[in-house]
Amino acid sequence: MAEQASIIDFLSASLQGLEASGRTVLSPVQQEVSDRLAAALDAELDDMVHELERVASCQQDEDSSGEPLPPFVAFCMGLRTIGDSLLPHLVEAFREGCAREGVPNQPFDWLIRARTDAFVAYLLQIAQVHGLAFDDTLTRMGKDEQIAVANLGAHLRGVMQKELDTL
């Protein structure tokens, strides 16, 4: 069985993507600020992931017809709800960190971009890996489950972009 990627793996991949696209070269003082901001954001992200991993189940949501959702889809809806609250929280932690440091969000916004991207990827992995556990009739993702994960990804990336646009 393949080993499950951790949030650190997703963050590393996100940071590598940002490096490839080029980012502003920082002065030594800016690099020190960047290091402190990154450490604070990493601690916040770590707390968020630990709390997320403690979630044993998601509340059963209903669709617009009033019918209960299939367990996998309900799990994705629970992850959507989690992302709706934690992505803005993470961006706010970045804003607060910049304010504490007395620096503008630029040229440090790449720090939060990498972490929000990693968190979205992590939530999608949770949906794919653990979502099946909530439906004992499924052994693998079918078309409906793939659509649910795709919808979750689109929604979370939209929330992420909306929050990043406020910086």
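Predicted model: local features only at pLDDT ≥ 70, side-chain atom pairs only at ≥ 80, totals over all residues.

Reader: What does the accessible surface of the chain come to?
Author: About 9,400 Å², and 53% of that belongs to carbon and sulfur atoms. Areas are from the Shrake-Rupley method with a 1.4 Å probe, and for residues only the protein chains shown count as cover.

Reader: How many helices and strands?
Author: The chain has 5 helices and 0 strands, in the pattern α-α-α-α-α along the sequence. These are DSSP runs numbered from the N terminus, with helices being H or I of at least four residues and strands E of at least two.

Reader: And what share of the residues is buried?
Author: Buried residues make up 40% of the 167 in the chain. Buried means under 20% relative accessible area, exposed over 50%, and partly exposed in between, with a 1.4 Å probe and protein chains only.

Reader: Which way do α3 and α4 run, parallel or antiparallel?
Author: They pack at an angle of about 165 degrees with their axes 10 Å apart, which makes α3 roughly antiparallel to α4. Axes are lines fitted to C-alpha atoms, for helices over the stretch in contact, and angles run from 0 to 180 degrees between N-to-C directions. Under 35 degrees counts as roughly parallel, over 145 as roughly antiparallel, 65 to 115 as roughly perpendicular, and the rest as oblique.

Reader: What sort of residues make that contact of α3 with α4?
Author: On α3 they include F72, F75 and L79, and on α4 they include I112, F119 and L123. By class, the contact has 16 nonpolar, 3 polar and 2 charged residues. Contact means heavy atoms within 4.5 Å. Ala, Val, Leu, Ile, Met, Phe, Trp, Tyr, Cys and Pro count as nonpolar, Asp, Glu, Lys and Arg as charged, and the others, Gly among them, as polar.

Reader: Where does α5 go relative to α4?
Author: The axes of α4 and α5 come within 10 Å and cross at roughly 160 degrees, so α4 and α5 are roughly antiparallel. Their contact divides into 11 nonpolar, 4 polar and 3 charged residues.

Reader: And α3 against α5, parallel or antiparallel?
Author: Helix α3 (residues 71–101) and helix α5 (residues 143–165) have axes that come within 10 Å and cross at roughly 15 degrees, so α3 and α5 are roughly parallel. The contact includes C76 and L87 of α3, with A148 and L152 among the residues of α5.

Reader: How far is A150 from C76?
Author: A150 and C76 are 9.9 Å apart, C-alpha to C-alpha, and 74 residues apart in sequence. A150 is found in helix α5 and counts as partly exposed, at 48% relative accessibility.

Reader: Different topic. Which peptide bond is cis?
Author: The bond from Q106 to P107 is cis, with omega near 10 degrees. P107 lies in the loop between α3 and α4 (109–130).

Note on methods:
Residues numbered from 1 in each chain as written. Heavy atoms only, no water.
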